[in-house]
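Have the sequence to hand.

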Amino acid sequence: MRHFLLTPRWWGINLFVLLAVPFCLFMGTWQLGRFEDRVETHREASAPREGSPQDARPLESLLPVTKATSGQWAKASGRYAEQFLVPARELDGESGSYVLTLLRTDGGKALPVVRGWLPGPADAAALPAPPAGRVEVTGALQAPENSGTEGAHAGGGLPAGQVGLISAASLVNLVPYEVYPAWVTLPQAPADAAGMRAVPAAAPQNTGLDLKAFQNLGYTGEWFVFVAFVLFMWVRLYRREVEALRDAEAGLDGAAEPVAETVPAGGAAGSRGAAKSGPAGGSSS
């Protein structure tokens, strides 16, 4: 009954199934691994960094900012210079602004320093003055912001003294010196600035539970669905082949032949004779 499995057509079907199922399982497992890696990366990036401000390392040793160095404690020394407000930033569900002050380091470049957050509408007149003279700053290192950063305003058109996002690209046209492609946020707000609060370090972007992560999870499901579909189609083709062979053995696979009307030869001759003699007999009587 099952000798058809050795025919060339079924050799091709079986070979396709034997190759497709492991391939789909491998791809599904790989996509699942990618999703788990992104979840683990997000968990590590979101976890508080070990160490304390006392363990801070020189800024230059942590650049460029990566997923590993983001959130690490960095230190730099210099003098505070220009100061800006970064409006439309939320902290603990409240709307306010970051207080961004540029630190002119000994090397000449400026390090953007978020000294704290002020609640309410952005008001340049309410900016607390930075410390005068030479200072040493220790803060959590952060990567430059971009248009995808929550709360960022990349469209321009802000009042003087305000900047939409914290990055060297947005500050280079506002100050006459180079700016580091990074920034730091201080662990404590200045004690003499009423209402100012420290801004906690944020997890680096693109480190886990984003659209790409859930795409990996969706692809995982698709590959496993392909496995089920391939097996379902093989079983369906196999059952149809078996049923066709059974029908052929039972003689049910051909078309029904039309039944012809049969008349005995003698009867047919007698009918013809009766047809011929009938009128004559009628005329003789």
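Leu 32 is partly exposed, with a relative accessible area of 30%; the term covers values between buried (under 20%) and exposed (over 50%), with a 1.4 Å probe and protein chains only. Leu 32 sits in helix 1, residues 8–46. Helices here are DSSP runs of H or I with at least four residues, strands are runs of E with at least two, and both are numbered from the N terminus.

This is a predicted model: local features need pLDDT of at least 70, side-chain atom pairs count only at pLDDT 80 or more, and totals for chains, interfaces and linings use all residues. Residues are numbered from 1 along each chain as its sequence is written, and side-chain values use heavy atoms, leaving out hydrogens and water.

Now turn to strand 2, residues 73–91, which holds Ala 74. Ala 74 is buried, at 2% relative accessible area. Its contacts (heavy atoms within 4.5 Å), not counting residues up to four places away in sequence, include Ala 56, Leu 62, Val 137, Gly 139 and Val 184.

Gln 142 leads on to the strand pairing. Strand 2 and strand 5 pair antiparallel over 7 bridges; pairing requires at least two DSSP bridges between two strands. Arg 79 has Arg 134 of strand 5 as its bridge partner. Strand 5 also runs antiparallel to strand 6, residues 183–185, joined by 3 bridges. There, Gln 142 stands opposite Trp 183.
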